[in-house]
Amino acid sequence: MKKNRVLTLLVSSIFILSVVGCSPVTPAASPPGTPVTIIASEDYPTYGSVDALSQRADTIVKGNVIQTRVEALDDRVSPEFQDQHNMDVTGSAADAQVSFDKIYTIYTVQVTESYKGGYTAGDRLEVKQLGGQLGNTEIVNDDSLKLMQAKDYVLFLETYEDTPASLLNSVQSLYVVKPASKSNQASEQSQSEVIISANPENDLTLSLSELQQIKNEQSNP
């Protein structure tokens, strides 16, 4: 199910931004050409089990990164959106903007297997993470883990109609798939793929059998 991008950003994450390496003013007020580094921190909901994680995600896929880019995305709330939710919309349109363009690293992921959602093997989808550098402005987000092109991942995602998908959180939603190891003995079977968390702080373990169960539940609701 597609969800409103702006509402999700407001409800699901809290961005704590501080500017370093320049005078104590907002990034917009910095003199042209002045390097600006913004330290970002994110606060996402956490989940007590893989089942709770999979229930919250609208898309779960295995895939690999084939392209990376950095882009500024506007996640401001419009006055019309605020009015619909009984929020104060007095003042100019600029006064009603609750945020500014944020710099995201956007990964293009080639899907190799889908466990939940509308994607199939061979499809491509984009996944964004807060952080990156554009010109003289850099957002540093220690909560995000860089996705590498040489690795296969399992991603628990929330997707949107007008912006790249996001991980449900930076700790529990990203797993690395290690390929099956080959046995030196012809009589021994190769071991199965191993799935490990990309973040060492993750206390949830994920197995192939759990992913297959998620897939089966989607096929037989």
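The structure is a predicted model. The chain contains 5 helices and 11 strands, and buried residues make up 38% of its 221 residues. Of the contacts in the chain with a separation of 6 or more, 67% are between residues 24 or more positions apart. The accessible surface of the chain amounts to about 12300 Å², with 49% of this area belonging to carbon and sulfur atoms.

**Nonpolar cores**

- The largest nonpolar core has 16 residues, and the members with the most contacts inside it are Ile60, Val154, Phe156, Tyr175, Leu206 and Leu211.
- Two or more residues of this core are contributed by each of the elements α2 (50-56), β8, β10 and α5 (208-219).
- Apart from this core lies another one, of 15 residues, which includes Tyr153, Leu155, Leu157 and Ala165.

**The aromatic pair and a charge over a ring**

- A search of the whole structure finds 1 aromatic pair, which is formed by Phe156 and Tyr175 in an edge-to-face arrangement, with 6.0 Å from centre to centre and 65° between the planes.
- Phe156 belongs to strand β8 (residues 152-158) and Tyr175 to strand β10 (residues 174-178), so the pair ties together parts of the chain that are 19 residues apart in sequence.
- Both partners, Phe156 and Tyr175, are buried, and both are listed among the residues with the most contacts inside the largest nonpolar core.
- When residues up to four places away in sequence are not counted, Tyr175 touches Leu53, Asp152, Tyr153, Val154, Phe156, Ile195, Ile196, Ser197, Ala198, Asn202, Leu204 and Leu206.
- Elsewhere, Lys128 lies over the face of Tyr104, at 5.9 Å from the centre of the ring.

- Thr105 lies in strand β4 and, with a relative accessibility of 14%, counts as buried.
- The side chain of Thr105 reaches the backbone oxygen of Gly131 at 2.7 Å, and Gly131 is also one of the residues that Thr105 touches, together with Thr68, Arg69, Val70, Val127, Lys128, Gln129 and Gly132, when residues up to four places away in sequence are not counted.
- Val111 is likewise found in strand β4, where its relative accessibility of 2% makes it count as buried.
- The C-alpha atoms of Val111 and Ala121 are separated by 5.1 Å, although these residues are 10 residues apart along the chain.
- Leaving aside neighbours within four places in sequence, Val111 is in contact with Val61, Lys62, Gly63, Tyr119, Thr120, Ala121, Gly122, Asp123 and Leu125.
- Tyr115 is also found in strand β4, and its relative accessible area of 5% places it among the buried residues.
- A polar contact of 3.4 Å joins the side chain of Tyr115 to that of Glu113.
- Tyr115 and Leu211 are 96 residues apart in sequence, yet their C-alpha atoms are 6.6 Å apart in space; Leu211 is itself listed among the residues with the most contacts inside the largest nonpolar core.
- Not counting residues up to four places away in sequence, Tyr115 touches Ile60, Val61, Lys62, Leu211, Ile214, Lys215 and Gln218.

- Gln129 is placed in strand β5 and counts as buried, at 8% relative accessibility.
- Its contacts, with neighbours within four places in sequence left aside, are Ile103, Tyr104, Thr105, Tyr107, Ser144, Leu145, Leu147 and Leu167.

**Exposed glycines in loops**

- Gly118 is placed in the loop between β4 (102-116) and β5 (124-130), and its relative accessibility of 73% makes it count as exposed.
- Between Gly118 and Val61 the C-alpha to C-alpha distance is 9.9 Å, while the two residues are 57 residues apart in sequence.
- Gly48 has its place in the loop between β2 (36-43) and α2, and at 75% relative accessibility Gly48 counts as exposed.

Key: Residues are numbered from 1 along each chain as its sequence is written. This is a predicted model: local features need pLDDT of at least 70, side-chain atom pairs count only at pLDDT 80 or more; totals for chains, interfaces and linings use all residues. Side-chain values use heavy atoms; hydrogens and water are left out. Rings of Phe, Tyr and Trp (its six-membered ring) pair if their centres lie within 6.5 Å; planes under 30 degrees apart count as stacked, over 60 as edge-to-face and the rest as tilted. Helices (H or I, at least four residues) and strands (E, at least two) are DSSP runs, numbered from the N terminus. Buried means under 20% relative accessible area, exposed over 50%, partly exposed in between (1.4 Å probe, protein chains only). A charge sits over a ring if NZ of Lys or CZ of Arg is within 6 Å of the ring centre and within 35 degrees of the ring normal. Contact means heavy atoms within 4.5 Å. Accessible areas come from the Shrake-Rupley method with a 1.4 Å probe; for residues, only the protein chains shown count as cover. A nonpolar core is a set of buried Ala, Val, Leu, Ile, Met, Phe, Trp, Tyr and Cys residues joined through side-chain atoms within 4.5 Å. A polar contact is a pair of N or O atoms within 3.5 Å; within protein, one must be able to donate a hydrogen and the other to accept it, and residues adjacent in sequence count only if both atoms are side-chain atoms.
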